[in-house]
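Open the model in your viewer and keep the selection tool at hand. The tour goes from one selection to the next and says what is found at each stop.

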Amino acid sequence: MNEAAQAEAKSKLIHGATGDWEVVIGIETHAQVTSNAKLFSGASAAFGGEPNDHVSLVDAAMPGMLPVINSYAVEQAVRTGLGLKARINLHSVFDRKNYFYPDLPQGYQISQFQQPVVGEGVVVLDMPDGETIDVGIERLHLEQDAGKSVHDRLPEQSCVDLNRSGVALMEIVSKPDMRSADEVKAYVGKIRAIVRYLGTCDGNMEEGSMRADINVSVRRPGEPLGTRCEIKNVNSIRFMGQAIEFEARRQIDILEDGGEIVQETRLFDPRKGETRSMRSKEEAHDYRYFPDPDLLPLDLTQEWVDALAADLPELPDEKKARFVGDYGLSVYDAGVLAADRAAAGYFETAARGHDAKIAANWVMGELFAALNKRDLEIEASPVAPEALGELIGLISDGTISGRIAKDVFDIMIDTGDAPAKIVEDRGLKQVTDTGAIEKIVDEIIAANPDQAAEVKERPKALGWFVGQVMKASQGKANPQAVNEILRAKFDLN
Amino acid sequence: MAELTELSLADARDGLKRRDFSALELARAHLDAVSAAGDLNAFVTQTDEHALKMAEASDARLADGSAGPLEGIPLAIKDLFCTEGILTTASSHILDGFVPTYESTVTAQLWRDGAVLVGKTGCDEFAMGSSNETSYYGPVINPWRRKSDGAKLVPGGSSGGSASAVAGRLAMGATATDTGGSIRQPAAFTGTVGLKPTYGRCSRWGIVAFASSLDQAGPLTRTVRDSAIMLGSMAGHDPKDTTSIDTPVPDYEAAMTGDIRGMRIGIPKEYRVDNMPEDVDALWQKGVEWLKAAGAEIQEVSLPHTKYALPAYYIVAPAEASSNLARYDGVRYGLRVPGEDLIDMYENTRAAGFGPEVKRRVLIGTYVLSAGYYDAYYIKAQRVRTLIKRDFEQAFEAVDMILTPTTPNAAFAPGEITDPVTMYLNDIFTVTVNMAGLPGISVPAGLSADGLPLGLQLIGKAFDEETLFRGAGVLEEAAGFDARPDHWWA
């Protein structure tokens, strides 16, 4: 490790009472496969609906029912695997994970245990300080979601809603390669970006279509891995930071007091911002995994996988590289824009035929701020990317100044009008006629002899005159022209 | 018209076509026989009204020329097949009141071809048993009785109700299922023909699952030809069962040419078990002679892993069963015995709902799949299974079919076998066939020393039921089995 890297690693350490600790984190992400039908039943996988609206005989585990694999879900899992630069296993097996629970009608979940459809891969994280971190992917497998127990419908009894029962999930398991909450946030954000690019999961954490379980352990730097705890129920990226920081601190406190970490599953409580024990290793289920005899092994051909690979859209990393290479954006700007497929698309449309760097600044600055303020997704932007491009064109060709452009943009957001129309209607066109500007300059110099005298002593004071002229022209005067004329008047060239 | 129940399925089919009698008459004759056969306890549910309606519809189709291949034929259905709108119990308390909203693929195909439902037959609970004594609805009784003491006997299992109904002339044929011998052993015990088709030949969709990788539906009939006719309707690819195979269904009846000249028949030396009763061994020898006389070549073959088949089966089948039966939890259908909390309700329901044999197998299955035991039991059993398959593959390089006894003994009396392992040994000649996924057929071939039917089993290559029917037809004709049980039950 070089010095810089050592310093970098050190900065992620947590200071305990007895020295520094390193936190080690791995993530299991559950991503609902974007598909009309469930994994094995053909019933609708739509979100919502009245309880038990989307339930087939298979989902309710009626006697004699058999699962039939949804080939589209397999395709989606393989595409996701390709997006994670992972090995695709041409032979994989569905297993039964056996346990009793009312929201699990079969008494087992069909999952993939020993032979998942996707093997090892890698995800690259771009940290805000410019550092990039490789996080290994251990595997991705397909499995069924469970239903939901409802406890507040009847006073004495619980109800079961099987709408979710059998919905296809991809479980993406990372290696324990993360060392801070920030890395975890970046990792989950990156996974989300990749699945959204691929259209294999909508990444919607509020509706639960993407969930993450976090495995946390701590150790002294350089020592072997410590005992880990798994944190469940962390349903937003913000809570992940809280949960990890709480859990790491809890483990450090125990170890520093001479205690031992008990391997267990813990639940995150978002209201209290803490984790609490759910079940210990001893209480853990023996799932009695075995290959599901109702399903043949999943055998894919390399040709089929290759065809999917050839059809993959450009992914965030490639897009970022292209934005840097083709448009000359900074790595950071390129990364921000490429993180979201819609934002990247918006940017490229806005930049078409215009200055890309200016376009990037506008998208990441004015546009993001305006959308944020109105709580809008970029797809719902009142300003179309073509219109923003047009606005940038008006700046570049000198029709309006950058400052006026901001006013025009605000009007575009409110009215949706085209920028040229706004400029025309409101007479915001920049004055480049030097005669007209000179006239204003002369008037202002004549009216302010004291300031004029000051400029002769201290040329920097010229700025005051520039401001006055701009004000008198209601911002429409071309600032460059104003500057030049003023300098000429005061013989400053 | 009592004699209508004496017809074979094939003869009834032809008689219906000639309009010698109507489907309604045929149905009534069988329904009367069922009503008079309460002592056999073959049925869990009689479906008289249903049968009469179906028979009327059959008559209409026979009249307008749109009759199907099984038009008007009264069949009994093992109560493991889900039937739409009709109670389906698997002979278990835990399925109390369960009326499916769907029809199993196999039975749907039978109705499509015009068959008439007489009723749902009893079986061992969840098809777990070899004597029908584990049924919640009481044991089915074999129409046959011992000469020596006249004792009532078990019909075998698990498809004992179907076998009893066919042997007792209560139905012209019946559906059954076979996981380790559940079609062939009852066929042997009741003097009927039982076929277990190749795994994947018939859809398992809508059949209450016992052990998914071994379960296969097949027909129980009184003749080999009837078996061929029924399989033609039951077989076929089903997109709802991905383990069913998409291969054409041949004309099985046409395969019964009676010509087996030059065919090679294997006799597995490992099937000469210790203590095999003389009558069973003698019948096996007769079988060899009959086939030889018909022009077949007989040769010894070796299936070296035979002795491991039964132990391996009693790991694989319970393992799958323990998982398949997890859905009977009192939450959605069937029996629910309330409890103080969820776990209590589960325990009460399953304690009351399952009988001792089912519980035994669920426990064995849970044990062999448990962490720490999985490799030693389940994985090892699967390896044995692979070796058994290979044994057969190698044998079938040299022969076209294999001839064995169906069972090591004739039917016994209820309560006579109480040790589970002794009971399991009843499947010793049949279970290998399930482990290898092959087709096997039991043909009634003679009587035991005590006057009870004994069966011979032919085992065929995967998806070669045609050759099996051809061989079984020859065996049937040579044996000329025409013994009948006394009609003591009515």
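Predicted model: local features only at pLDDT ≥ 70, side-chain atom pairs only at ≥ 80, totals over all residues.

Now go back to B:Leu75 and show what surrounds it. Leaving aside neighbours within four places in sequence, its contacts include B:Leu110, B:Ala115, B:Val116, B:Leu117 and B:Val118. Also among them are B:Ala171, B:Met172, B:Gly173, B:Ala174 and B:Thr175.

## The domains of chain A

Colour chain A by domain: domain 1 covers 3–308, domain 2 covers 314–425 and domain 3 covers 434–489. How many Å separate the centres of domain 1 and domain 3 of chain A? Taken over C-alpha atoms, the separation is 65 Å.

## The sheet of chain B

Move to chain B, where the mean pLDDT is 97 and 100% of the residues reach 70 or more. Show the strands as a cartoon: 11 of them form an open sheet with mixed pairing. Reading across the sheet, the order is 1-3-2-4-6-5-10-11-9-7-8.

Which strands are at the edges? They are strand 1 (43–46) and strand 8 (297–301) of chain B, and each pairs on one side only. Turn the view to look along the sheet: on average, neighbouring strands are turned by 30 degrees against each other, direction ignored.

For one pair in more detail, select residues 401–405 and 453–460 of chain B, which are strand 9 and strand 11. These two strands run antiparallel and are joined by 5 bridges. Pick B:Pro405 and then its bridge partner in strand 11, B:Leu456.

## Where the chains touch

Show both chains together; the model scores ipTM 0.96 and pTM 0.90. In the contact between them, 31 residues of chain B meet 24 residues of chain A. On the chain B side, select helix 9 (309–324), helix 10 (342–353) and helix 11 (356–369), the elements that give two or more residues to it. Helix 9 of chain B gives the most, with 3 residues.

Most residues other than glycine have a negative phi, and most peptide bonds are trans. The last stops depart from this pattern.

Select B:Gly157 and B:Ser158: the peptide bond from the one to the other is cis, with omega near 10 degrees. B:Ser158 belongs to the loop between strand 3 (116–121) and helix 5 (160–167) of chain B.

Then select B:Ala90, in the loop between strand 2 (74–78) and helix 4 (105–112) of chain B. Its phi is near 55 degrees, a positive value in a residue other than glycine. Is B:Ala90 buried or exposed? It counts as buried because it has 34 C-beta neighbours inside 10 Å, and the cut-off for buried is 20 or more.

Finish on B:Ser91, which lies in the loop between strand 2 and helix 4 of chain B. Phi of B:Ser91 is positive, near 55 degrees. With 32 other C-beta atoms within 10 Å, B:Ser91 is buried.

Conventions. Residues numbered from 1 in each chain as written. Chains lettered and ligands numbered in written order. pLDDT = per-residue confidence, 0-100. Contact = placed C-beta atoms within 7 Å. Pairing = 2+ DSSP bridges. Helix = DSSP H or I, 4+ residues; strand = E, 2+ residues; numbered from the N terminus. Axes fitted to C-alpha atoms, helices over the stretch in contact; angles between N-to-C directions. Domains from an automatic or database assignment. Buried ≥ 20, exposed ≤ 12 C-beta atoms within 10 Å, placed from the backbone.
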